[in-house]
Amino acid sequence: MWLSILLGCALFLRPAHDLRATPSCTITGREDAWPTHRYKAPEASPFFHAARDAVNSAEFAAANCALLRKRLKLSDPQLRSVLIAYPPVLGYSYEMNIEPSLAALQARLELNDAQLRRIVMKKPQVLGYSFSANIEPSLAKLKERLGLTEAQLTLVVVGMPSVLSYSFECKVDPALTRLQHRLGFTDAELRDLVVLFPAVLGYSYEANVLPKLEYLERELNITRTELADRVRTMPALLGYSLRLRYMPRVELCRTRNLPLSSVLNHITRRNDEFRRWAEKQAAASKEKVGAAKRRRRRRSAAEVDRGG
């Protein structure tokens, strides 16, 4: 419908002299002679050319969207999400650009259709990457650096599609090297961490990971080795927010006189659940202390009675 509107606007808004022929009369010597008319072909207005190009581009984009939707089995909301996140895809040729890249990526990682769709939904920009120039070299370097199997490489990419856009030399490798050194991990331990928690590949070591590690060591009063053991067991510890999760819980445990180890032991609880748990533990601890005091007072009173 909107294509018809564009075309109608193009015709309606053309200048009036373009809508009809412009006659040019040649008069003979006889007064009763009929004039002969030579018609000049009307020149299309610049707006008409622009509207025509817009219609052609819209039809081209619509055709590509239909093919992309069919290829990835996208719903209308999913397709809209992809287009909003990465509008340049509207200008790509499906046959020459999009489909070859999707086919190569799917074959390289042995992805099923659902996994390919997930990657595109999470990182629509992948539709604009050259497989041979960008994606394949990055995959090869990541696989070699971590000693990944093909199956593990697939798990990492499906779990963190944005890794396809990262510079291995400038982002991925430096962050992995610093993290490995800080935690004292072997190559195998680092590989296992990334396979279990691929999101770590997207974190800035200096701005994100390091401040968390330093805070937890200092505030929980644990050694670097103890913290490394915790991360080895639960890599997702690196993903929780320092400001929104770790710091408020440390403060809550201190004000309620709870062991600081509770911060890590119950890290998977939502903030509201953790607060309710902490309040319950604090109340139980207070009641326990009160009961102990009452027992001591009764014993003291009994001793006084016996002595009297």
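When I call a residue buried, I mean that its relative accessible area is under 20%, while exposed means over 50% and partly exposed covers what lies in between, all with a 1.4 Å probe and protein chains only. Please keep in mind that this is a predicted model, in which local features need pLDDT of at least 70 and side-chain atom pairs count only at pLDDT 80 or more, whereas totals for chains, interfaces and linings use all residues. Residues are numbered from 1 along each chain as its sequence is written, and side-chain values use heavy atoms, with hydrogens and water left out.

Let me start with helix 11, which spans residues 224-233; helices here are DSSP runs of H or I with at least four residues, strands are runs of E with at least two, and both are numbered from the N terminus. The buried residues of helix 11 are L227, A228 and V231. Seen down the axis of helix 11, these buried residues fall within an arc of 105°, so they line one face of the helix, the arc being that of the directions from the helix axis to the C-beta atoms. As a general point, an α-helix has 3.6 residues a turn, so residues three or four places apart point the same way. On the face of helix 11 turned away from the buried side we find the exposed residues T225 and T233. The cover over the buried residues of helix 11 includes helix 8 (168-183), helix 9 (187-196) and helix 10 (205-219).

Leaving aside neighbours within four places in sequence, V231 is in contact, meaning heavy atoms within 4.5 Å, with L183, F185, L193, L237 and L238.

Now to the aromatic rings, of which the structure holds four pairs; rings of Phe, Tyr and Trp (its six-membered ring) pair if their centres lie within 6.5 Å, and planes under 30 degrees apart count as stacked, over 60 as edge-to-face and the rest as tilted. One of these pairs, F197 and Y203, is tilted, at 6.1 Å centre to centre with 55° between the planes. F197 is buried at 15% relative accessible area, and Y203 also counts as buried, at 18%. Another pair, Y240 and Y246, is edge-to-face, at 6.4 Å centre to centre and 85° between the planes.

Finally, what sits over the ring of Y203? The charged end of K212 does, 5.3 Å from the ring centre, where the rule asks for NZ of Lys or CZ of Arg within 6 Å of the ring centre and within 35 degrees of the ring normal.
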